[in-house]
Amino acid sequence: MIILGIETSCDESAVSLLRIEDGSNPQIIHESISSQVRLHEAYGGVVPELASREHLKNLPLLYAQALEKTSITLKDIDCIAATQGPGLKGCLLMGLGFAKALSVASGKPFLGVNHIEGHILSPFLEHPITFPYLALVVSGGHTELVHVKDVGDYTILGRTIDDAAGEAFDKSANLLGFAYPGGALLAARADSHGASSYRLPRVMREAHGFSFSGLKTAVHQLIVREGGFAITEDKRSDLAAAIQEAIVDALLYKLKKAITDTGVRTIAVVGGVAANKKLQRDIAALPGITMYVPSTLHCTDNASMVAYAGAMRFMRGQKSDLNISAIARWPVEDISCV
Ligand code: KG4
Ligand code: ZN
């Protein structure tokens, strides 16, 4: 069976062709991504209207290229899966509209996919992971800790009440003067510096969810106290290390609690922040843990995870009506069990 995956929930247009016979051995025939990071850099964040226009321009090109490079035709595709939410509504509508048009033209089934379910299941693209596991979904838009018992059987053990972990990295990076999105740059500086001489406050330790917006204020106050933009490069690195320590510590603390509470010792770290070396190191160091981290290509937004999640639902007899619309806010635990 061949699934076409389409992802346009934020600032990446992506297309994937996935061959799958059963759940355990997916084969990516082709995948491509067109990132808009450079376009939004000037604004210091994603501009939704510009992002959806880019999807409208890029998606048909990525799709045409995918068919041309693989010699696969629409006739060979068994199901068309596109991200339905959560995400920026105007962006989601581009991918959904495109997928619906292909479905109408070909008569092939169409499926609206939850983007977070895509991230949660993304380790299956590369690793021999088995249920149950704890998924730490950490990206620019999301921070969720999920007990994954099966496809569609998700219990949220914690999610952010304000900023996402990636957002905390990026906003702090901006305060330190690093170019947008800044998270990876901040992390590289922090790694080259080692342990920080500063200690930022740890918030909401005993509460259910995560909170990162207070960190931004604390970072801002610390930078001002240390001399504002005039800080030395060494101090900038020292501060970067303190920020990374605070964010990773917040994630680790809740993850350790979840491991104790559930007894589940298989951990999947997914989303753009999963690329963070300190986060990976600290999780891997937890006793008795098996950790799976997809390659960076499949940690950040991509269409193969959408194709895989779509395939899992299609194989369980699901498909979507052509009248479904984009869902900007769509908690993953609200999607039906299959
Ligand atoms: O999954 P993703 O593409 O985000 C969404 O589209 O939601 O991931 C991007 C996020 C950005 O916030 C970026 O700064 C962060 O992941 N990121 C990192 C690292 N690499 C990327 N954050 C911390 N350490 C890294 N090495
Ligand atoms: Zn994402």
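This is a predicted model: local features need pLDDT of at least 70, side-chain atom pairs count only at pLDDT 80 or more; totals for chains, interfaces and linings use all residues.
Reader: How many residues surround ligand 1, and which are the closest?
Author: There are 17 residues around ligand 1. Gly141, Asp170, Gly272, Asn276 and Asp301 are the closest of them.

Reader: By class, what does that shell have?
Author: The shell around ligand 1 has nine polar residues, six nonpolar residues and two charged residues.

Reader: Let us turn to polar atoms. What lies 3.0 Å from a backbone N or O atom of Gly141?
Author: An oxygen atom of ligand 1 lies at that distance from the Gly141 backbone atom.

Reader: And how far is a polar backbone atom of Gly166 from an oxygen atom of ligand 1?
Author: For Gly166, the distance is 3.2 Å.

Reader: Which part of Asp301 has an N or O atom 3.0 Å from an oxygen atom of ligand 1?
Author: For Asp301, that atom belongs to the side chain.

Reader: What percentage of the area that ligand 1 exposes when taken alone does the protein bury?
Author: The protein buries 85% of the 560 Å² that ligand 1 exposes when taken alone.

Reader: Which elements give two or more residues to the shell around ligand 1?
Author: Those elements are helix H5, spanning 165–175, and helix H6, spanning 183–193.

Reader: A change of topic, please. At what angle do helix H2 and helix H3 pack?
Author: Helix H2 (residues 48–70) packs against helix H3 (residues 89–106) at about 25°, and their axes are 8 Å apart. Angles under 35 degrees count as roughly parallel, so H2 is roughly parallel to H3.

Reader: Is the crossing of H2 and H3 left-handed or right-handed?
Author: The H2 and H3 crossing is right-handed.

Conventions
Residues are numbered from 1 along each chain as its sequence is written. Chains are lettered from A and ligands numbered from 1 in the order in which they are written. Side-chain values use heavy atoms; hydrogens and water are left out. A residue is near a molecule or strand if one of its heavy atoms lies within 4 Å of it. A polar contact is a pair of N or O atoms within 3.5 Å; within protein, one must be able to donate a hydrogen and the other to accept it, and residues adjacent in sequence count only if both atoms are side-chain atoms. Accessible areas come from the Shrake-Rupley method with a 1.4 Å probe; for residues, only the protein chains shown count as cover. Helices (H or I, at least four residues) and strands (E, at least two) are DSSP runs, numbered from the N terminus. Ala, Val, Leu, Ile, Met, Phe, Trp, Tyr, Cys and Pro count as nonpolar, Asp, Glu, Lys and Arg as charged, and the others, Gly among them, as polar. Axes are lines fitted to C-alpha atoms, for helices over the stretch in contact, and angles run from 0 to 180 degrees between N-to-C directions. Angles under 35 degrees count as roughly parallel, over 145 as roughly antiparallel, 65 to 115 as roughly perpendicular and the rest as oblique. A crossing is left-handed if the near helix is turned anticlockwise from the far one by less than a right angle, and right-handed if clockwise.
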